[in-house]
Amino acid sequence: MYVGPPLRFTIHAVDEQRQLSMPIATSEDEAEMRARFKEICKKMPHMHVELYDGATLIDERQPDVSFH
């Protein structure tokens with residue numbers, strides 16, 4: 001676990017029912033974080049995930065709630 005000043009890019013898992021957002025990954029490298037964001041979205045399509053640059057939301061994936 002990283003301990004120190006906040007890193008620039010963060011990925012948050014969002015729980016809308018509890019109105020809670022929790023960081024699940026952080027890095028100074030934007031390319032690394034965009035790749036991890038895509039990987040998380042692919043592996044966990046049921047999860048609401050947000051990618052931040054500092055306090056600015058730069059990408060978001062809503063949960064896939066389609067029923068087949």
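## Threonine 10 and its surroundings

A polar contact of 3.1 Å links the side chain of threonine 10 to that of histidine 12. The model is predicted. Threonine 10 lies in strand 1, which spans residues 9–15.

Is threonine 10 buried or exposed? Its relative accessible area is 13%, so threonine 10 counts as buried, the cut-off being under 20%. Leaving aside residues up to four places away in sequence, threonine 10 touches Ala25, Thr26, Met33, Glu50, Leu51 and Tyr52.

## Salt bridges: the count

How many salt bridges does the model hold? The count comes to 4. Side chains of opposite charge can pair when their charged atoms come close. Three of these pairs are described below, among them arginine 8 with aspartate 53, aspartate 15 with arginine 18, and lysine 43 with glutamate 39.

## Arginine 8 and aspartate 53

Arginine 8 and aspartate 53 form a salt bridge through their side chains, at 2.7 Å from N to O. This pair joins distant parts of the chain, 45 residues apart. Arginine 8 sits in the segment before strand 1. Aspartate 53 belongs to strand 3, residues 48–53.

Both ends are classed by relative accessible area. Arginine 8 has 42% and is partly exposed. Aspartate 53 has 22% and is also partly exposed, because that class begins where buried, under 20%, ends.

## Aspartate 15 and arginine 18

A salt bridge of 3.6 Å, N to O, connects the side chains of aspartate 15 and arginine 18. Aspartate 15 is partly exposed, at 26% relative accessibility. Arginine 18 is exposed, with a relative accessible area of 64%. That value puts arginine 18 in the exposed class, which requires over 50%.

## Lysine 43 and glutamate 39

The side chains of lysine 43 and glutamate 39 meet in a salt bridge of 3.3 Å, N to O. Where do the two residues lie? Both are in helix 1, residues 30–43. They are 4 residues apart, so about one helical turn separates lysine 43 from glutamate 39.

Lysine 43 is exposed, at 61% relative accessibility. Glutamate 39 is partly exposed, with a relative accessible area of 44%.

Conventions:
Residues numbered from 1 in each chain as written. Predicted model: local features only at pLDDT ≥ 70, side-chain atom pairs only at ≥ 80, totals over all residues. Heavy atoms only, no water. Buried < 20%, exposed > 50% of the residue type's maximum accessible area, 1.4 Å probe, protein only. Polar contact = N/O pair within 3.5 Å; in protein donor to acceptor, adjacent residues only side chain to side chain. Contact = heavy atoms within 4.5 Å.
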